[in-house]
Amino acid sequence: MAADPRSRDFLDPHALARLSAVPLFARRPMLGNVSGIHASPHRGASVEFAEYRKYVPGDDLRRLDWRAFGRSDRYYVKEFEADTNLRCCLVLDTSGSMEFGSTGVTKIEYARRLAGSLAYIAVQQGDAVGLACVAEKIVRTVPPKRTPSHLRGLYDVLEQARPKGGTRLVSRLHELAETIRQRALVVIISDLFVDPAGLKKAFEHLKFRKHDVAAFHLLDPLELGFRFQRPMRFLDMEGGPAIFAEPSDIADRYQKALQAYLEEMKAVTLASAVDYHRVSIDEDFEKVLLRFLAARARAGRRG
Amino acid sequence: MSFLQPWMLFALPLIALPVIIHLINQRRYRTIKWAAMMFLLTANRMSRGYARIRQWLILAARTLAIAGLLFAVSRPLASGWMRLAGGSVDTTIVIMDRSPSMRETGANGGASKLEMGRDQIVDSLKLLGSNRWLLIDGRDGDPVEVESPDALASLVSAEGVGASSDLPAMLQTAYEYVRDQRPSRTDVWICSDVRRHDWAPGSGRWQAVRDAFLALPQPVRFHLLAFPDVATANRSVRITDVRRAETSSGAELRLALRVEQAGGSDGKSTVPVQIEVDGARSEIPVEISGTTGEVKNHAIPLDGRTQGWGKVSIPADANAADNEFYFVYQKPAARKTLVVAEDPEAVRPLAIAAAVSPEPSTESAVETIGPDQIAGVAWEEISLVLWQAELPQGEAADRMRSFLSRSGKAIFFPPASPAGGEFAGLRWGNWRATELERPVTGWTRDQDLLAGTRGGSALPVGDLEIARHCELVGEQASLATLAGGAPLLCKPAVFADDAAADAMAAASNAYFCATTASPTDSSLARGGVVLYVMVQRALTAGAAGLETARRFDAGAAPAASTAEWQLLAGSEDAVPSEYPIRAGVYRHGAKLYAVNRGELEDRTATVGDAQVAGLFNRLAFDRVDGSAGGGSALLSEVWRLFLAAMVAALLIEAALCLPRKMVPAAGSAASFFPGTPVREAAA
């Protein structure tokens, strides 16, 4: 059943209006099915000159460059870049840990804002957008489409996504790497509480499939600071055993473990060429997205 | 363990407060749903043991801090070796050993043992407080009550006395006080150098006094401040004999003296001994070989005096109390014996025993009379009366009592037919035949007439053959006992509580021999040795009573005669009541008395620690060893120590509670935020 459009509180129209001014670029050539703003691995009919190629029989004679023939007495065909659209696949972690939030907003809510905004921006510039909600398995999928009406169904799925169960993100990423057609933009929105070594293999799998992988690593300020004033009983949101601890006793070791994890995650994403964004969920999502889009735009210009 | 504010210790359960707060805090936990469990699990696995130890250390530090505070405000007291003493006391009895050995100082001089002990005890008592303070220092029988510890200090002079201490007797005095006054709690402080002769650890009185204290319902604690160290370099001088002898040129004084060194010396050393006789001084060197140096028959010419005094002294050393020795001399008095007998022939052996002097130079005279001739006797010349007749009655008894009271000696032998007259509480009963050939079963071997010889040999009293003996009726103190319990030689038993001075004198100077020297009654005359020694000892003692110049060991002078003594030489600080126990020369009318420390005071043997502990077995007893010249306080408040412990515990707790050093900021988790994108490695 479709949700009431008026309840889509994860969308901020003003923010979307501001973000629409910045296009979403892919960092590597995409394979779309229509013309778009993204580079394609194939040659096309755009105004962007690509290269000269020797004429071979069968080539369209209209593409011969007679001026080049006049200069060199050889036949050359003038080729132009092809512009295409992209397929953006949003991977949303809906495991139980995404329900955590100490600042009035949970990770899943923050993830909805990021995903919803990205979907809107992509569709607005003619790109196809799909969605995969993953936890222990792939909970819901929405295949990529570029029509504005497609957004409605995608937003419904986003709104209905509920954090539940454990995380098997690595396996699900391997699965998605195989199922998503090549050369897509895969945006992972998760707290990434998995083994970085396993995640590295998943990222490399996606990279092997020529996907442009971006990751939003969502962390709560309380998880980062670990500041408690009294003994706590920590209940695992993904169904694991509870832990009773005096936070002041273990804070230092917690920080040490967290730091080691973040360092390793940084190393993994660098090695896997993942567009990695670590996000504290008390941060304004608009700024996060703006940073994401601007960085891609800069990378696109350099490319 | 004692404290000046012991009631504060009731708050000791508060030390459990940190544990209770910890437990309450543990129960005040909050439950939170947590996402980042992987870090918590990792943190829990890392150093779990250390965290637990740290937790316990923090709790222990907090507990110690509270305990330290409570102990500090309870004002604990520490004595030597950190043992704790003191507490709330009703009565404090101080037993001061003021014997000459207590005037010994340390190797480097300074305060004597007596001064150190006095000051340390006074300081301690000031801290402890008490409702009542009493001093027992052996001067007289009763404890002296003082107003404050300071008054105690002024009462115990640093000079000490010349008399030895009798610790069992002092403790008995303390016991009698506690028994009579029934204080709620009593502390007995003993300050002594635990010399063996002062403590007499072999005495049966210890058992009696210990049992008496154990039987008391109220608690009594004993604190011994002991000074067992002996100054090995200390020397003492002593006159062993002084005689005035007539010479062709007039008269001379013949001295025999002995110098002893406590620790001995490897080789020979010479000590200058200064001799002062009637104000004229001379000095002689005395060579010490080993521990002793002796001079015998050192002659000093006299200018015709028949009586005088003098002293010998050696240079100052560790103990000033044994560096001087006083003596008096006089022309020897004749040793005159009066034999009173119904039948003069029957007492001939007695007369012979009295007439033969052990020293040729000493004259001995014997006069034999009948009982009816008593009235004409010149009693002032008599040293010994040998009485073998009906016991004196009426005027004769009065004369005899007067004679005995001026230290004359009398030995009574049974008459042939006792008529029942009584003297000194005793009267002769019937003659009894003795069944055994040698019936003497026991006798007093260490003192009085039948004591052993100087060489330690016992008199052959057991070899005496007694054919018959006369019964004695009345309270008596037996010196020799026959089989069946009848006395052979005894003294009248007079109880000190109700006895008049004359009766006391009679009890100490009169002897009753239950048989005679007649061959039909005993072998006293045939064997001769026992009779001769017995008579000569009584004669010597009786003659000493007649001498106008006498030498006493401190504390041994007859109490009745000391009230009118005048000081000729000795400590100017001494009060008249202390003359009999302070070394010096005193005049009483025409008589001269020299008072010196007892011979045992020159012996340095001490009672061992274990033996001292054994003497106080089962009593609340603690001991602190002090040292002469040492300056440490016996008892001091140690609340600062506990306060310091509390501060230390708080510092430790603070250090343990400090958050552990975090990862440097550059690499911290927070430094990753706000996040900047990680650029593609390839780019």
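In strand 8 of chain B, B:Val188 is the bridge partner of B:Ile93. The model in which this pair is seen is a predicted one. The two strands concerned, strand 3 (residues 91–96) and strand 8 (residues 186–192) of chain B, pair in the parallel sense, and six bridges link them. Both belong to an open sheet of six strands in chain B, whose order is 7-6-3-8-9-32 and whose pairing is mixed. At the edges of this sheet lie strand 7 (144–146) and strand 32 (620–625) of chain B, each of which pairs on one side only. On average, and with direction ignored, neighbouring strands here are turned by 20° against each other.

A second open sheet of chain B is built from eight strands, and reading across it gives the order 18-17-19-20-27-26-25-23, again with mixed pairing. Its edge strands are strand 18 (364–369) and strand 23 (440–443) of chain B, which each pair on one side only. From one strand to the next, the twist averages 20°.

Helix 9 of chain B contributes B:Pro349, B:Leu350, B:Ala353 and B:Ala354 to the contact, while helix 13 of chain B brings B:Leu531, B:Tyr532, B:Val535 and B:Leu539. Sorted by class, the contact of helix 9 with helix 13 of chain B comprises eight nonpolar residues, with no polar and no charged ones.

Helix 6 (residues 196–208) and helix 8 (residues 247–271) of chain A pack with their axes 9 Å apart, at an angle of about 15°. Because angles under 35 degrees count as roughly parallel, helix 6 of chain A is described as roughly parallel to helix 8 of chain A. Helix 6 passes helix 8 of chain A in a right-handed crossing. On the side of helix 6 of chain A, the contact is made by A:Pro196, A:Leu199, A:Lys200 and A:Phe203, and on the side of helix 8 of chain A by A:Tyr261, A:Glu264, A:Met265, A:Val268 and A:Ala271. Seven of these contact residues are nonpolar and two are charged, with no polar ones.

Chain B as a whole can be summed up briefly. Its secondary structure comes to 15 helices and 33 strands. The chain has 683 residues, of which 41% count as buried. Among its contacts between residues at least 6 apart in sequence, 74% join residues at least 24 apart.

Conventions: Residues numbered from 1 in each chain as written. Chains lettered and ligands numbered in written order. Predicted model: local features only at pLDDT ≥ 70, side-chain atom pairs only at ≥ 80, totals over all residues. Axes fitted to C-alpha atoms, helices over the stretch in contact; angles between N-to-C directions. Helix = DSSP H or I, 4+ residues; strand = E, 2+ residues; numbered from the N terminus. Parallel < 35°, antiparallel > 145°, perpendicular 65-115°, else oblique. Left-handed = near helix turned anticlockwise from the far one by under 90°. Contact = placed C-beta atoms within 7 Å. Nonpolar A, V, L, I, M, F, W, Y, C, P; charged D, E, K, R; others polar. Pairing = 2+ DSSP bridges. Buried ≥ 20, exposed ≤ 12 C-beta atoms within 10 Å, placed from the backbone.
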